[in-house]
Amino acid sequence: MTRRKDNDPTINTLSASDHDQLFKLVKRGVNRRDFMRYMMAAGATAAASGTLFGGMSSAWAATPKMGGQLIMASDQHGPNDTLDPALFTSAIDYFRGRMFYGSLTRLTSDLGYEPELAEEVISNEDATEWVFKIRKGVEFHDGKTLTADDVLYTMNRHMGENSVSKAASLVSMIDKWEKVNDYEVVAKLSSPNADLPIALGTFHFKIIQDGQTDFTSTIGTGPYRVKEFKPGVRVVGTRFDNYWGEGGYLDELVSYGIGDPVARLNAFLAGDIDGMVNLPPKAISQVEAAEGKEIWSLKSGAYINITPRLDMSVSNNVHMYKAMQYLMDRQRLVKGVYKGEGSLGNDQPINSAYFDYCADIPQRELDPEKAKFHFEKSGLGSTAIPVVAAEVAPGAIDQCLFMQREGKKIGMNFDVKTVTTDGYWGSVWLKEPICVASWNMRPTANIMMTLAFKGDAAWNETRWKNDKFDQTLVDVRGVTDPAKRSQMYCDLQTMIHEENGMSIPCHRNYVDAVASHVQGRTEVPLNNFGGAESPVTLWRADT
Amino acid sequence: MNSSNDHYVAPYDDAVSFDELPDSAPSHKFRLSFTGWLGTIIVVFWTIVAVSGPFIAPFGENELPFPDAYSEFQAPQPGAWLGTDVSDRDILSRIMYGASRTMGISFLATVLAYMIGVVFGIGSAVSSPRVDMILSRINDAFLSLPTIMLGLVVVAAVGSSIPVLILTAGVIYASVIFRLSRSLGMEIKVMDFVEAAQARGEGRWWIITKEIWPNAAMPLLTDFGLRLIYVILFISSLSFLGLGVQPPQADWGSMVRENLGALQYGTSIIPVIAPALAIATLTVGINLIVDDVSAHSGGKLSNRL
Amino acid sequence: MFSLILKRLGVGLITVLAVSMIIFAGTKILPGDAAQIRLGQQATEANVAAMRERLGLDKPFIVQYANWLTNFAKGDLGVSLSSDVPITSLIGDRYKNTLFVSSLTALIGVPISLMLGIMAAMFPGSLYDRILTFVSVSLVAAPEFFTATLLVLLFVFALGIGNAVVVGSTENKGLFELIAHFALPITTLCFVIASQLIRMSRAAVLNVMSSPYIEMAVLKGIPRKRIIFRHALLNAIGPIVNVVALNLAYLVTGVIVVEVYFGYPGLATLIVQGVQTRDFVLIQGLGMIFCLTYVVLMLIADIAAYASNPRLRHPK
């Protein structure tokens with residue numbers, strides 16, 4: 001499939017702007033069927049369209065070039081930026097982690113996994129014991145070779161009651177890690193977990209060197225080594241020449257943070273930075289029209305939500321949160337705020353981006369009649385209902401303002417208070433009776449629900465506790481019969497939709513903007529910049 | 001905006017004499033010039049809008065003129081005479097609501113700053129040197145901290161609401177007024193006509209109310225206008241950092257802020273220009289009056305030259 | 001004169017002490033426990049107690065204050081709560097950025113504004129004076145972020161000059177490269193300080209012009225220009241230096257909006273992040289640095305005022 005563009009007659013008959021437009025479609029990840037439909041609507045034959053699609057796809061997936069520098073900008077950053085993988089909290093942390101470290105497994109765009117620092121991953125029959133065979137000849141930036149000791153040291157930091165790890169709950173079913181020999185470790189589990197290798201491919205389980213306690217700089221096995229790390233300022237990585245795998249094409253990769261969306265967009269359009277996360281959806285058409293700029297949009301299960309705490313006053317009123325769910329202006333959020341770069345939410349966290357999505361639950365819509373019914377039953381009258389919001393993701397404040405507006409029409413009085421983003425997770429979230437949140441997608445429905453909906457989860461936002469839900473969630477991990485599994489996941493999602501009390505009005509796509517010379521896109525829908533997996537594969541086309 | 005920028009009063013009062021200080025007890029007769037009248041008309045106009053705005057605005061501040069459309073930054077059209085903002089709301093209505101909030105908050109905060117500052121400032125000027133020293137040093141400490149930083153810390157800690165904004169701005173700006181009114185009080189205290197009153201054996205209270213206050217009032221009044229502008233900008237800066245007036249409530253500063261994207265990707269730039277112009281016209285209007293008044297209250301020779 | 005400077009020094013020192021008390025007490029009143037913040041959400045109570053002991057938070061308030069102040073005097077600002085990094089290393093680079101931007105703004109903005117202001121004072125009431133007054137009044141009225149946006153649209157997008165956001169390393173760059181790098185924030189700040197400097201320098205010169213001895217000079221028939229440059233200006237130096245010093249203090253401590261807007265790391269953004277992450281140690285350290293900057297600048301302004309004013313040099 002090494003078709004050259006100029007050999008293709010179809011491409012030659014296109015005008016330059018048509019060509020650009022189509023090329024952009026391909027790059028944004030449009031599939032063959034949609035592409036052909038688009039072309040045929042414009043009068044092209046099916047055969048010509050198919051050829052064109054092939055040509056464009058291969059032109060896009062060209063061979064990486066070495067060299068050059070790229071500056072990629074995230075949004076939230078600050079003095080709490082860290083190089084300690086166990087403490088990662090934000091998208092810029094995850095991106096940085098990918099620059100400097102490797103992990104046992106790597107996630108793929110279909111949310112499966114492939115081996116990385118582990119050459120081979122083997123489990124016993126009931127998934128209670130997992131053996132990881134470590135790749136030989138992997139070098140740390142200081143020349144030391146990766147061995148089982150490094151893996152054990154890394155993994156044990158996520159274990160035990162006093163672990164500082166932000167992702168300890170994902171590996172809490174592991175009893176212990178054992179070293180078999182220098183290139184083999186085994187994890188022994190207390191309950192089955194078929195998804196363990198996927199969990200270990202997520203952001204926090206990056207492998208560090210045995211004994212590391214100081215994270216002012218770091219030594220990893222990743223494609224870039226630390227040249228400069230200044231929290232809240234800038235991170236610069238230079239190519240690590242002895243990187244064991246494919247990747248690390250740039251001379252220098254810079255990760256930068258610009259909190260203000262307008263400033264970020266200005267910097268991007270002016271060419272000061274090569275890529276930016278979270279393009280304001282309203283600017284999409286402007287970026288699309290701009291010369292040499294492109295959009296990386298990735299459909300995902302990420303969502304924004306409003307969470308009432310069921311163990312605190314006002315928010316524990318069943319009819320109040322039911323009324324809230326019927327007041328969500330979901331259409332306006334998806335069409336008006338996201339400009340279509342998102343999908344309707346149904347007050348439960350799993351959408352069609354997940355394998356285990358349940359399509360049978362009826363969609364909840366904006367329904368003032370039903371909202372009024374519940375509002376009257378709640379007996380709240382004109383009591384002010386406090387809602388704390390911060391722009392933790394596009395639309396996070398808007399969802400509250402829309403709810404407030406609809407509420408006013410039926411006499412429901414929401415008192416929306418906005419606060420700043422950065423201190424939000426520490427000082428407001430999980431503390432206030434009603435507040436907003438934003439969630440990234442997780443690789444599986446089970447991981448998502450375990451993290452945020454299980455009765456004893458640290459991040460159980462509403463404090464909802466349902467024994468049947470918790471039991472099903474654990475049991476389903478061992479179920480292999482597809483029909484039974486799908487039924488169980490439907491039950492789980494229905495329970496959240498009916499009882500949890502959380503409003504999830506919409507799911508959002510990850511929308512990033514990059515200059516055309518930025519190549520090497522990854523499409524893991526778990527975060528910005530292709531699931532923060534792109535640092536390995538990024539390259540620059542115009543060097 | 002300007003945090004310590006606006007403390008333009010001399011930190012050590014004997015190093016500078018205040019430029020609007022009268023040569024003698026002022027005559028209270030003066031006529032406004034053309035620019036003075038223009039300023040008055042502008043300020044009166046906005047005052048009327050501020051008072052009546054919420055009652056005559058075509059829409060509520062969080063209401064949609066076109067509930068079925070999903071399009072922000074619309075150009076002016078029937079139904080939305082200044083177009084729509086970033087969240088599809090009516091700009092004209094929000095400007096009208098914003099007038100009462102912006103002018104109300106900054107007016108109240110400035111009045112509060114003056115009440116605190118003048119009482120302590122003039123009080124300090126006429127008290128014993130020791131009390132004066134202590135009060136002045138405490139005031140110096142507050143002056144030496146950047147206003148925006150103080151505001152940030154307080155508002156972030158307590159949470160933003162309109163009373164909190166008024167109190168914070170009022171207290172922060174009181175230290176400037178303290179310095180100003182104290183130095184005025186000091187200078188006037190040693191002036192001939194006050195010393196004459198002292199020689200006549202008048203009491204301290206009499207001197208404050210009958211001699212110092214009337215002479216200090218005019219310079220203080222001219223400063224009031226400027227201070228009002230700084231408070232408006234201070235509140236806008238807090239809004240810029242997400243700690244000012246809470247959405248969906250409209251105030252001019254946060255309107256400029258939330259619609260800033262219109263300059264970059266909007267179909268109309270009115271969403272940014274309209275509130276910015278509102279701030280500009282109001283402040284220019286206040287300034288025109290201030291200039292006129294201060295020109296009549298002192299420094300006449302400069303005009304004669 | 002030296003005794004007067006000594007007296008001012010003493011006053012400055014008292015101010016710094018008063019500020020240190022306000023800052024320390026203020027950050028203690030803020031909600032949130034430093035040990036809890038340092039350890040994060042999942043910390044156990046025993047861990048928090050141990051951390052409190054390590055940080056000395058279990059000691060009486062006065063002891064904590066004394067320890068903090070002596071450490072500060074030794075140059076030890078403590079360790080950031082949110083990142084476990086010494087405050088001094090967080091400040092390092094940012095201080096360079098802030099100093100560079102503010103000194104360049106001062107070098108460009110101050111002389112130009114003073115010239116414009118003094119020229120306005122030379123021809124009060126003229127068309128030039130009125131236009132300048134109007135422009136400076138309008139500049140006072142424009143929020144910083146609005147000025148910044150207009151400048152970005154004009155220079156970066158319409159003319160293709162400069163950077164919309166200051167990115168990349170500032171190390172190993174020539175002076176001119178650095179200036180180009182920071183051109184827009186510096187221009188924005190020049191506009192901000194210009195409005196006030198123009199107004200104040202004009203007022204200060206006019207004020208001196210209305211004093212009796214200048215009146216005498218006018219009556220004697222000495223030309224205006226000579227009066228202003230020989231006599232009035234020298235006497236207006238005191239107040240002008242004062243305003244300049246205040247503006248310099250603002251440039252070091254108060255440029256939050258400009259730093260956030262242009263996305264370059266400076267001291268003011270650091271304090272915003274400190275407030276947002278409830279990093280009390282960071283707030284305390286920066287607060288003291290800001291206060292010291294202010295006090296030192298004021299001291300210099302005072303000395304300049306004394307040096308230029310014979311009446312103050314030889315008090316009756």
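Here are some worked exercises on a predicted model with chains A, B and C.

Local features here need pLDDT of at least 70, side-chain atom pairs count only at pLDDT 80 or more, and totals for chains, interfaces and linings use all residues. Residues are numbered from 1 along each chain as its sequence is written, while chains are lettered from A and ligands numbered from 1 in the order in which they are written.

**Exercise 1. Work out how chains B and C are built.**

Start with secondary structure, where helices (H or I, at least four residues) and strands (E, at least two) are DSSP runs, numbered from the N terminus. Chain B has 11 helices and zero strands; chain C comes to 15 helices and zero strands.

Next, burial: a residue is buried if 20 or more other C-beta atoms lie within 10 Å of its own, exposed if 12 or fewer, and partly exposed in between, with C-beta atoms placed from the backbone. In chain B, 60% of the 305 residues count as buried. For chain C it's 47% of 316 residues.

Finally, box up chain C: along the principal axes, its C-alpha atoms fill roughly 85 × 60 × 35 Å.

**Exercise 2. Describe the side of chain A that touches chain C.**

First count contacts (two residues whose C-beta atoms, placed from the backbone, lie within 7 Å). On chain A, 32 residues are in contact with 31 residues of chain C.

Then ask who supplies them. Strands E8 (224-230), E9 (234-239) and E10 (252-257) and helices H8 (261-269) and H14 (424-427) of chain A each give at least two residues. The largest share, three residues, comes from H8(A).

Now sort that side by class: 14 nonpolar, 12 polar and six charged residues. Here Ala, Val, Leu, Ile, Met, Phe, Trp, Tyr, Cys and Pro count as nonpolar, Asp, Glu, Lys and Arg as charged, and the others, Gly among them, as polar.

**Exercise 3. Explain whether H13 of chain C is enclosed or open, and find what covers it.**

H13(C), residues 267-276, has 10 of its 10 residues buried, so it is largely enclosed by the rest of the structure. Among them are Leu267(C), Ile271(C) and Gln276(C).

The cover includes helix H4 (147-158) of chain B, plus H5 (87-122), H11 (224-253), H12 (256-262) and H14 (280-308) of chain C. Just past H13(C), Arg278(C) has a positive phi of about 55°.

**Exercise 4. Locate the largest nonpolar core.**

A nonpolar core is a set of buried Ala, Val, Leu, Ile, Met, Phe, Trp, Tyr and Cys residues joined through C-beta atoms within 7 Å. The largest one has 318 residues, and those with the most contacts inside it are Val387(A), Ala389(A), Val436(A), Leu152(B) and Val205(C). H2 of chain B (residues 91-126) gives the most, 16 residues.

To finish, zoom in on Val387(A). Leaving aside neighbours within four places in sequence, its contacts include Ile306(A), Cys400(A), Phe414(A) and Ile434(A).
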